[in-house]
Amino acid sequence: MSQWVYTFGDGKAEGSARDRDLLGGKGANLAEMCNLGLPVPPGMTITTEVCNWHYANGRTYPAELENQIATALRHIGDLTGRNFGDDERPLLLSVRSGARASMPGMMDTVLNLGLNDKSVLALAQDAGDRRFAYDSYRRFIQMYGDVVMGLDNEVFEEILEDEKAAYGHELDTQMSAEEWTTVIDRYKQILEEELGQQFPQDPNEQLWGAISAVFSSWMNARAITYRRLHDIPAEWGTAVNIQAMVFGNLGDSSATGVAFTRNPSTGENALYGEFLVNAQGEDVVAGIRTPQNITEDARIEAGSDRPSLEKLMPDAFGEFLGICERLETHYHDMQDLEFTIERGKLWMLQTRSGKRTAKAALKIAVDMAEAGLISREDAVRRIDPASLDQLLHPTIDPHVARDVIGSGLPASPGAATGQIVFTSEDAVELSEAGQNAILVRVETSPEDIHGMHAAEGILTTRGGMTSHAAVVARGMGTPCVSGAGGMRVDMHSQTLLSMAGPLTKGDVITVDGSTGQVLRGAVAMLQPELSGDFGRIMEWADAARRMRVRTNAETPADARAARSFGAEGIGLCRTEHMFFEGDRIIAMREMILADNEEGRRAALTRLLPMQRSDFVELFEIMQGTPVTIRLLDPPLHEFLPKTTEEIAEVAQSLGVSANQLRERTEALHEFNPMLGHRGCRLAVSYPEIAEMQARAIFEAAIEAAQTTGAPVVPEVMIPLVGMMEELRFVKARIDSIAKEVMEEAGQQIEYLVGTMIELPRAAIRAHRIAEEAEFFSFGTNDLTQTTFGISRDDASAFLTTYQQKGIIERDPFVSLDIEGVGELVRLATDKGRSTRSEIKLGICGEHGGDPLSIHFCEEVGLDYVSCSPFRVPIARLAAAQAALGPK
């Protein structure tokens, strides 16, 4: 018989941290804490296998599950001295989700389960506190009514706000037991009116409703969105964790809180967190009340006049501090903890590796490695390469004037400017229109995940440093200011009220997630400098990696930026981008319009010094590192005007008739230019173009070597080769020009001639192509298009649908299709090496900056990857992790 349920409690557990796949992260860590002897409320975990069984079998459950849950409930009851469903000594439960990967706020939770009209009386008598009992009951009805029964939480919140206003209260804690009973009656009434259902009084019905709701939440819209953004497979499933309730809302000697063993924004080695007195856990993250600081140092730094946990409950604080140190040492990582104090007794409800900013991740990894807690290799493994994007966010220039219109908590670092929007839908719409949005909310909820992802920055007027907005924004690397209490959001009028007056939708503001300030308008930004902890991790990564990392660059600015990020050469210089400016485009058009080779060569002679100067500057910037220059690739019609007005204007500048220009444009028109007269096909038809570019390259290499003192070994790349004979034809012209230039200069230079592998035929015939090619560079953008038969420019219309329907896991233009395109790369690699064992192999498509694709490149033994300048640090780290492999 399969075991579907695992119990824990009283220092013993049937699982451990090693069972993350089966028990989910939360369940595995609850079991581990229990095995360590820490104070954990007893409970059970229903495995992730039940979730998958549930969806595979028409949302039913295994036959043995009911009995296994009943047995586990009796076990929990024995440990607590209570019985589930008993009206006299009721065992009350929390029901929470817990996937293998942390998904904060994405799935559902129900607290205080088991309460009904009878057991609430027993709870009141047992606790000696009627107000607490009825507060717990109304919380349960509200959560259950929302999560399980499906009535929107805002309906309950409106009732609650009405009743508080009627009684003259501002805070929930001011409500009396009698006042709570009025709220409870109204909650039950609205459920019956809106849903036609009565609130269930049977605890077993409540429990199975909550279990089903947690499993259903695995497939809710926000969870699906989160999984897609974080590459979490649906087949992982979620576990369900059911625990005996402990109460942080049992008076002033009770509390609940969330903490990190180190600062998740900066990485500082100091306990960081918040708590609320007389509250339940959801209150802290929901931002319903502004929480208090855990440590006295944090309270002083925040300028708060409300006592810290350290001062208010010193015994519980001392025990908690010891547990924090023990768990961080045990897991060798910064921990994210949830805890409850029930009448002075500390209970641990969760531990997990804490989400952190990239800056904090670097500092924590470096500090732990230098303290000997982890190895340098583990420090490198620990950093998510994609998270380094966060370090590249601009910051506000410290010398500019700041028109501060509000302030809150610095929840996620970096600065962002954009137009105010008040809904996630508007944020998405603005983003899709190519404009920047700042999402402004009272507080965000998991339903806002799509808007938070689309927004450049986030501003909330409620919530603390561990609120939903703060945690999710940090994980995304999106600048965020939370808890801006001096500002007010009026959703009805779409207005943000600030100290400087009202702001409306479309007004531009800047949020500074590093200081917590909100500024009017756009302000000057500074690009970040990468040093310190970043430098140490990159140093360790460079020592570990095998593959080189180059950049795709054709402008001096891009080349300099890439060098500053550690690029070891240029893997792709797209020469066509150099022809679209000023006199260059005129000469280029004259060449295209020429009726014969003599006319083309005359125009190319004018282009030669321009090309040569471009290459000289690139060679000088790259200082002797490899530079791969791709010969002209796009079809010629791309350089000609399109509209009637443009044709007339260009014809006048060229001194030709508009009809002549129009006829030439129409003659060059192609129905499918991506597969048309481009790449090496142009060089075959018009060898003089390739000859001019080759001369510019070799003359520039000689000049730059003399200037810098560093020898230049240019790599000339012939694009879109499908047949060895094409490559042989063009290579002969390049070799001839190289010989001429060297004879003219009276000196020899080394150079390589190779090709892009971007057609399936080239991959299949790589052994023949390698007879002429000294290097292969896999152009995986076009190789993906030609392998799938999909246009990259049009694919977005349906690839998202393919992902949503499970046909593909990832966009193949973002992450390399290992099974198809990857198989062609592997084939070409093996065939190329079978002919030329020392052939140089690299990748220069967008996949060169994608960590998953980089792992594949390491697996097949490529020599280098090449990516856009700002992805060079990501590629360096990913290449190191690929070389190190999993621990």
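Predicted model: local features only at pLDDT ≥ 70, side-chain atom pairs only at ≥ 80, totals over all residues.
Residues are numbered from 1 along each chain as its sequence is written, and side-chain values use heavy atoms, without hydrogens or water. Local features need pLDDT of at least 70, side-chain atom pairs count only at pLDDT 80 or more, and totals for chains, interfaces and linings use all residues.

The structure holds 53 salt bridges, each defined as a side-chain nitrogen of Lys or Arg within 4 Å of a carboxyl oxygen of Asp or Glu. One of them joins Arg82 and Asp126, at 2.3 Å from N to O. This pair links distant parts of the chain, 44 residues apart. Arg82 sits in the loop between α3 (65-80) and β4 (93-99), and Asp126 in helix α4 (residues 119-127). Helices (H or I, at least four residues) and strands (E, at least two) are DSSP runs, numbered from the N terminus. Asp126 is partly exposed, at 38% relative accessible area. Buried means under 20%, exposed over 50%, and partly exposed in between (1.4 Å probe, protein chains only).

Two further salt bridges lie within helices. Glu296 and Arg299 meet at 2.8 Å, N to O. They are 3 residues apart in helix α11 (residues 296-302), so about one helical turn separates them. Both Glu296 and Arg299 are buried. In helix α22 (residues 597-622), Glu597 and Arg601 are 4 residues apart, again about one turn. Their closest N and O atoms are 2.8 Å apart. Glu597 is partly exposed at 39%, as is Arg601 at 34%. Elsewhere, salt bridges link Arg131, Asp135, Arg138, Arg139, Glu161, Lys164 and Asp172 in a network.

An open sheet of 3 strands runs in the order β19-β20-β21, with antiparallel pairing. Strands pair if DSSP finds at least two bridges between them. The edge strands, β19 and β21 (501-504), each pair on one side only. β19 and β20 share 3 bridges; Val489 has Leu496 in β20 as its bridge partner.

Most residues other than glycine have a negative phi. Gln494, in the loop between β19 (488-490) and β20 (495-498), has a positive phi of about 55 degrees. His332 also has a positive phi of about 55 degrees. His332 lies in the loop between α13 (314-331) and β10 (335-342) and is partly exposed, at 34%.
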